[in-house]
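These are my notebook entries on one protein model. I record what I looked up, entry by entry.

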Amino acid sequence: MDTWQIIHIPDKPQVPPDQQPTVNVYAAVIELKLANSLVRRLNQIAPLENLRHVKRVQKKCLEGKTQLSVILCLACENETESNSIPQDVQELINSYQLSSYITKVSKYAPLSKEEWEEQCKLWPTSYHPPT
């Protein structure tokens, strides 16, 4: 019986921290008081399976006011119409009268502090240094 031998495991291609691959997501600005219930509901109907490193909520301070945005779901590549939003998510958007927009988030978890800092310019992500 032949045994298999691992010859080479390719590394993740090295890219400069500011040129990391991204994916498009639908997001919406939400009211502070809706954050918990919205995030809970979105995690049920549209979990971000391959984007576990991306935080669901983004917090910005604009003119002394806190503005929260939440990722609703993944967008199709080159998507300009909102017809790729799943029905459940669309119903949530309608019931809360959210105004969705497309934004970019990092496709992969950061491997270095530099990558993480670049990613957070787009949208907050988690960084767990290799142990």
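I began with the term contact, which means heavy atoms within 4.5 Å. I also noted that helices (H or I, at least four residues) and strands (E, at least two) are DSSP runs, numbered from the N terminus. The model is predicted: local features need pLDDT of at least 70, side-chain atom pairs count only at pLDDT 80 or more, and totals for chains, interfaces and linings use all residues. Residues are numbered from 1 along each chain as its sequence is written, and side-chain values use heavy atoms, with hydrogens and water left out.

**Entry 1: the two helices**

I looked up which residues of H1 meet H2. On the H1 side I found Ser37, Leu38, Arg41, Leu42 and Ile45, and on the H2 side Asp88, Val89, Leu92 and Tyr96. By class, this contact of H1 with H2 has six nonpolar, one polar and two charged residues. Here Ala, Val, Leu, Ile, Met, Phe, Trp, Tyr, Cys and Pro count as nonpolar, Asp, Glu, Lys and Arg as charged, and the others, Gly among them, as polar.

I then looked up the axes, which are lines fitted to C-alpha atoms, for helices over the stretch in contact, with angles from 0 to 180 degrees between N-to-C directions. The axes of H1 and H2 come within 10 Å and cross at roughly 160°. H1 and H2 are therefore roughly antiparallel to each other; angles under 35 degrees count as roughly parallel, over 145 as roughly antiparallel, 65 to 115 as roughly perpendicular and the rest as oblique.

**Entry 2: the nonpolar cores**

A nonpolar core is a set of buried Ala, Val, Leu, Ile, Met, Phe, Trp, Tyr and Cys residues joined through side-chain atoms within 4.5 Å. Buried means under 20% relative accessible area, exposed over 50%, and partly exposed in between (1.4 Å probe, protein chains only). Which members of the largest core touch the most other members? Of its 20 residues, I noted Ile30, Leu72, Cys73, Val89 and Leu98. Two or more residues come from each of strand E1 (22–30), helix H1 (35–45), strand E3 (65–74) and helix H2 (87–96). H1 gives the most, with five residues. Another core lies apart from this one and has nine residues, including Val25, Val54, Val105 and Trp123.

Beyond its neighbours within four places in sequence, Cys73 is in contact with Val25, Tyr26, Ala46, Arg56, Ile85, Pro86 and Val89.

**Entry 3: Ala28**

Ala28 belongs to strand E1. Is Ala28 buried or exposed? I found a relative accessible area of 0%, so Ala28 is buried. Ala28 and Leu98 are 70 residues apart in sequence, and their C-alpha atoms are 6.2 Å apart in space.

**Entry 4: Lys55**

I found Lys55 in the loop between H1 and strand E2 (57–62). Lys55 is partly exposed, at 40% relative accessible area. Not counting residues up to four places away in sequence, Lys55 touches Ile71, Trp123, Pro124, Thr125 and Ser126.

**Entry 5: positive phi**

Most residues other than glycine have a negative phi. I looked up two residues with a positive value. Glu63, in the loop between E2 and E3, has a phi near 50°. Glu63 is exposed, at 84% relative accessibility. Gln97, in the loop between H2 and strand E4 (100–106), has a positive phi of about 50°. Gln97 is exposed as well, with a relative accessible area of 71%.
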